[in-house]
Amino acid sequence: MTESFLGMPAFPRAAARAVRDGRLRANLRHATHTIRDKRARAVAELPDWAELRAAGKAIKDHTLRHLDRYLVQLEESVTAAGGTVHWAADAEEANRIVAGLVRATGETELVKVKSMATQEIGLNEALAAEGITAYETDLAELIVQLGEDRPSHILVPAIHRNRAEIREIFADRMAAWGRPAPEGLTDSPAELAEAARLHLREKFLRARVAVSGANFMVAETGTLVVVESEGNGRMCLTLPRTLISVVGIEKVVPTWRDLEVFLQLLPRSSTAERMNPYTSLWTGTARDDGPAEFHLVLLDNGRTAALADQVGRQALRCIRCSACLNVCPVYERAGGHAYGSVYPGPIGAVLTPQLRGTTSPVDASLPYASSLCGACYEVCPVAIDIPEVLVHLRERVADQGGHPVERAAMSAAGYVLDHPAALAAAERLAGRTRALHPRRLPGPGRAWTDSRDLPEVPAEPFRDWWRRNRT
């Protein structure tokens with residue numbers, strides 16, 4: 001994945017800093033509660049939601065089991081429709097391919113549709129190093145780019161910003177990227193949207209190259225699908241002469257009939273709409289209609305490794321709806337930046353360590369960025385059991401070795417729990433020495449008690465109380 005997040009502290013440190021930001025917490029609480037409530041109402045309208053969810057899970061699982069076959073079919077279909085397919089093993093290769101394609105057009109700027117895959121590989125930064133400027137056209141992504149910020153939410157990348165902050169960003173930074181913000185701009189949503197529309201209109205009309213991702217790819221026809229709510233995607237996908245789409249290999253579905261299921265699941269789970277305002281589909285190229293050149297860059301970047309994990313591979317079902325973020329009590333308080341990845345929240349806590357590995361402190365900490373409450377699983381439209389994967393990844397991190405004192409403590413606990421007599425003796429000893437217990441743990445245990453008190457040990461073990469009162 002992209003290196004733009006390297007140097008981030010591990011999740012506990014980043015989250016501790018975030019939860020002290022009162023304005024951030026207020027912004028997140030208002031936004032996530034609003035979205036989750038709307039989603040609940042939209043889902044409740046469908047009597048067969050559970051069946052749709054099961055169908056989405058089954059289609060994704062089937063596709064992942066036969067991913068090699070469907071990817072070959074997709075390549076054949078895209079090529080037959082006039083497109084060109086490129087295979088990228090990692091971020092470096094994908095960036096090199098895209099930069100080469102843009103240079104071949106002679107252009108030095110391009111417009112972009114919102115894309116998690118291009119954020120994952122750090123495409124904007126890679127293009128900038130080649131002298132190519134990429135302009136984000138999604139409103140939230142525009143806010144993030146102008147503010148020299150990072151996305152903090154899958155669906156609403158600028159969810160951590162309020163209207164006053166956005167107005168300030170537009171007023172201060174728009175002129176450096178093109179058309180300046182209107183004089184006297186207020187924080188009215190209508191005025192902010194109009195300022196963005198005027199700013200972006202010039203870029204749409206002169207752009208000769210566009211870069212997109214895709215929500216889905218249909219193997220049987222080579223069709224790519226982008227769903228969005230603003231119309232900027234439609235402009236990027238139709239006006240430029242050259243279109244380059246960077247898409248993760250897991251986004252393929254076998255048939256149009258399969259696509260029908262996801263076009264019902266995604267909008268209700270993401271924007272709480274019955275259908276997306278803009279659903280754009282294109283198949284290769286067509287004479288005098290849309291781009292004259294179409295390139296599809298199929299991105300691996302750790303996905304094959306995740307596919308090999310029988311427990312962890314279910315994270316590849318994800319359709320990027322962000323429903324899990326909006327119900328997560330940890331995300332609501334810590335925000336997306338604390339995760340050190342373009343994929344924040346519960347899905348990021350299971351997807352990022354599989355794509356990047358668990359060797360760095362931030363990636364090793366992500367499986368622990370959860371209370372395991374299970375709310376994320378309940379709302380996931382493709383039934384990813386995120387708590388199961390979190391526990392699975394915690395085992396992987398533990399197998400890498402931890403602090404010597406921690407390992408010794410876990411070994412001692414394992415012995416005591418395996419021997420009932422030793423457990424009973426330890427409980428009695430703990431009860432009799434309770435007045436001497438510290439309020440905080442020393443060494444590596446300090447991280448746990450820095451933010452919570454140790455539970456008070458009862459004077460009498462439950463076993464003894466039960467024997468005395470119930471025998």
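Me: A nonpolar core is a set of buried Ala, Val, Leu, Ile, Met, Phe, Trp, Tyr and Cys residues joined through side-chain atoms within 4.5 Å; buried means under 20% relative accessible area, exposed over 50%, and partly exposed in between (1.4 Å probe, protein chains only). The structure is a predicted model, in which local features need pLDDT of at least 70 and side-chain atom pairs count only at pLDDT 80 or more, while totals for chains, interfaces and linings use all residues. Residues are numbered from 1 along each chain as its sequence is written, and side-chain values use heavy atoms, with hydrogens and water left out. Which residues of the largest nonpolar core touch the most other members?

Reply: In soluble globular proteins, nonpolar side chains tend to be buried together. The largest nonpolar core of this model holds 103 residues. Those that touch the most other members are Phe11, Phe170, Leu296 and Ile347.

Me: Which residues is Ile347 in contact with, leaving aside its neighbours within four places in sequence?

Reply: Contact means heavy atoms within 4.5 Å. By that rule, the partners of Ile347 outside its sequence neighbourhood of four places are Ile154, Ala315, Cys318, Cys324, Leu325, Thr352, Ile384 and Ile386.

Me: How many residues does the second, separate core have?

Reply: Ala91, Val98, Ala117 and Val211 are among the residues of this second core. Its membership is 21 residues.

Me: Which residue forms a salt bridge with Arg173?

Reply: A salt bridge is a side-chain nitrogen of Lys or Arg within 4 Å of a carboxyl oxygen of Asp or Glu, and the structure holds 25 of them. In the bridge of Arg173, the closest N and O atoms are 3.2 Å apart. The pair links distant parts of the chain, 25 residues apart, with Arg173 in helix H9 and its partner in the loop between helix H8 (139-146) and H9.

Me: Is Glu165 buried or exposed?

Reply: Helices (H or I, at least four residues) and strands (E, at least two) are DSSP runs, numbered from the N terminus; Glu165 lies in helix H9 (residues 163-177). Glu165 touches Arg23, Asn27 and His160, not counting residues up to four places away in sequence. Because its relative accessible area is 10%, Glu165 is buried.

Me: Which residue has the backbone nitrogen that the side chain of Glu165 reaches?

Reply: A polar contact is a pair of N or O atoms within 3.5 Å; within protein, one must be able to donate a hydrogen and the other to accept it, and residues adjacent in sequence count only if both atoms are side-chain atoms. Glu165 also forms a salt bridge with Arg161, the closest N and O atoms being 3.5 Å apart. The backbone nitrogen that the Glu165 side chain reaches, at 2.8 Å, is that of Asn162.

Me: How many residues apart in sequence are the parts tied together by Arg303 and Glu250?

Reply: The two side chains meet in a salt bridge at 2.7 Å, N to O. Arg303 is buried at 2% relative accessibility, and Glu250 is buried at 3%. Arg303 lies in helix H13 (residues 303-307) and Glu250 in the loop between strand E7 (242-248) and strand E8 (252-253), so the parts that this pair ties together are separated in sequence by 53 residues.

Me: Which residues do salt bridges with shared partners join into one network?

Reply: One member is partly exposed, at 26% relative accessibility: Arg161. The network as a whole joins Arg23, Asp149, Arg161 and Glu165.

Me: What is the phi of Ala383?

Reply: Ala383 is placed in the loop between helix H18 (375-379) and helix H19 (386-399), and it is buried at 10% relative accessible area. Although Ala383 is not a glycine, its phi is positive, about 55°.
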